[in-house]
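Open the model in your viewer and keep the sequence beside it. The stops below say what to select and what is there.

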Amino acid sequence: MAGNTSTPGASVVERVLAILACFDLSRTELTLTEIARQSELPLSTTRRLLAQLADWGALERMVDNRYRVGMRLWHIGILAPRQRGLRDAAMPMLSDLYAATDETVQLVVPQGHEALCVEKVFGPNSAPTATEVGGRLPLHTTAVGKCIMAHSPRSLVDEVITGGLARLTPYSIQQPARLIEELKRARQDGVAYSHEEMTIGAASVAAPILGNGGVLLGAVGIVVRSTTRVDTLAAAVRTAARTIARFAE
């Protein structure tokens with residue numbers, strides 16, 4: 001199935017995946033030319049595959065001839081068993097946390113060196129956040145990310161440190177020893193904190209969702225304004241995480 005692409009021997013599946021990989025939260029709508037350039041496929045090949053993907057419903061062609069992810073692809077994505085089962089178990093507790101605090105509540109799962117947001121509950125009075133469902137969060141600057149690192153193999157922590165602790169704000173942790181100390185405290189306390197380390201003006205508290213045998217399933221967190229005493233929410237987040245874990249398995 002090889003064809004005239006910039007990657008000799010690329011299969012049709014590889015070309016389709018290259019096209020789909022062009023879309024993310026910062027690039028939700030793309031033109032034919034943009035997709036061809038980012039996927040490194042010939043324009044004619046890209047046009048043909050886009051037409052087939054649109055006919056099937058994986059992508060949608062808009063009136064201005066830009067493309068976006070289609071509902072059929074979305075419906076398939078939410079069938080992923082880990083996210084679906086965890087999300088279904090978590091939704092009642094996420095709703096309860098939001099109702100009690102009026103603040104943004106997030107559910108994440110580990111994905112490589114990042115945290116993937118699989119659900120978010122918020123309202124008009126909640127602290128604004130840049131995170132969207134399907135978005136990824138850095139591990140070292142977020143409370144949910146620290147929960148993931150604190151309950152993951154040490155190799156993950158070492159890889160994150162080796163990859164560089166990015167300075168997203170003046171308060172981002174950049175010292176490996178300090179990060180390791182915070183992770184140790186997170187394991188002991190059952191919660192982790194972030195104070196303006198990812199976004200100025202925002203703070204968060206999170207707790208790990210641990211299954212049987214201490215297996216990490218994800219983390220749940222609340223994001224508030226930095227003027228809020230985030231530690232007063234620790235008990236509620238910890239209880240929510242434990243309740244979710246009981247129903248997730």
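Helices (H or I, at least four residues) and strands (E, at least two) are DSSP runs, numbered from the N terminus. Residues are numbered from 1 along each chain as its sequence is written. This is a predicted model, in which local features need pLDDT of at least 70, side-chain atom pairs count only at pLDDT 80 or more, and totals for chains, interfaces and linings use all residues, while side-chain values use heavy atoms, with hydrogens and water left out.

Select D102 to begin. D102 sits in the loop that lies between helix 5 (81-101) and strand 3 (104-111). Most residues other than glycine have a negative phi. D102 is not a glycine, yet its phi is positive, about 65°. Its relative accessibility is 28%, so D102 counts as partly exposed; buried means under 20% relative accessible area, exposed over 50%, and partly exposed in between (1.4 Å probe, protein chains only).

Next, select strand 6 and strand 7. They run antiparallel and are joined by four bridges; two strands pair if DSSP finds at least two bridges between them. Within this pairing, A192 stands opposite A206 in strand 7. Which residues of strand 6 are on its covered face, and which on the uncovered one? A192 and S194 make up the covered face, Y193 and H195 the uncovered one.

Last, select E196. The loop holding E196 runs between strand 6 (192-195) and strand 7 (202-210). The two strands form a hairpin with six residues between them. E196 also has a positive phi, about 55°, although it is not a glycine. With a relative accessible area of 17%, E196 is buried.
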